Amino acid sequence: MKKVAVVIGLITLIVVIFLSLADKPHPKIVLLGNSSHQPVDFLPKAYQCSACKMPIESKKYSAEVVAPDGKTWFFDDVGCLGEWIAEQKFKDNAVIWVYTIDTKRWIDGRKAWYSVFENTPMGYGFGAYEKRDNNMIDFKTMVERMVKGENLTNREYAKKLLEMKNGSR
């Protein structure tokens with residue numbers, strides 16, 4: 001009798017856990033119908049990164065890609081965007097939005113400037129800025145570096161960048 005009670009108790013516990021998880025809203029990966037092709041304002045954890053699948057905690061370092069058909073993808077790290085967009089057939093026709101660190105607003109990602117030493121969610125190091133400063137790179141270069149693995153997650157490359165930065169002072 002004790003064994004039956006234990007089994008029923010365990011089954012009940014599993015069902016309760018399963019049902020409680022089902023009630024919680026899950027982050028979305030893509031938004032349909034953005035026919036205006038404008039950036040989508042979002043709350044923390046409402047969306048997850050289309051590349052790494054992490055919940056997006058804040059706008060800082062985030063990016064969005066709007067396809068010609070209005071599908072919008074979200075990214076927690078500019079580096080995730082760079083790696084992801086390089087593989088998309090519609091990359092040349094996509095509208096790319098990045099949230100800038102300096103002006104704290106959404107701008108065209110192709111017109112932004114990117115620092116390379118930021119402490120970003122995925123550790124790639126690229127932060128978007130509206131105003132250019134020394135040692136910043138353009139969008140095309142940022143994407144190329146992500147594709148080549150030239151970012152702060154690559155220890156050898158990060159060491160090389162740091163040496164160049166310290167030598168330029």
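The legends below describe close-up views of a predicted model, in which local features need pLDDT of at least 70, side-chain atom pairs count only at pLDDT 80 or more, and totals for chains, interfaces and linings use all residues. Residues are numbered from 1 along each chain as its sequence is written, and side-chain values use heavy atoms, with hydrogens and water left out.

View 1. With a relative accessible area of 1%, alanine 63 is buried (under 20% relative accessible area, 1.4 Å probe, protein chains only). Beyond its neighbours within four places in sequence, its contacts (heavy atoms within 4.5 Å) include Trp73, Phe75, Leu81 and Trp106.

**View 2. The largest nonpolar core.** Such a core is a set of buried Ala, Val, Leu, Ile, Met, Phe, Trp, Tyr and Cys residues joined through side-chain atoms within 4.5 Å. Of its 29 residues, Val65, Phe75, Leu81, Ile85, Tyr114 and Met142 touch the most other members. The largest share, five residues, comes from α2.

**View 3. Leucine 81 and its contacts.** Leaving out residues up to four places away in sequence, leucine 81 touches Ala63, Val65, Phe75, Ile96, Val98 and Phe139.

View 4. The structure holds zero disulfides (pairs of cysteine sulfur atoms within 2.5 Å). For cysteine 49, the nearest cysteine sulfur is that of cysteine 52, 3.6 Å away, and cysteine 49 is buried at 0% relative accessibility.

Definitions and conventions
Buried means under 20% relative accessible area, exposed over 50%, partly exposed in between (1.4 Å probe, protein chains only). Helices (H or I, at least four residues) and strands (E, at least two) are DSSP runs, numbered from the N terminus.
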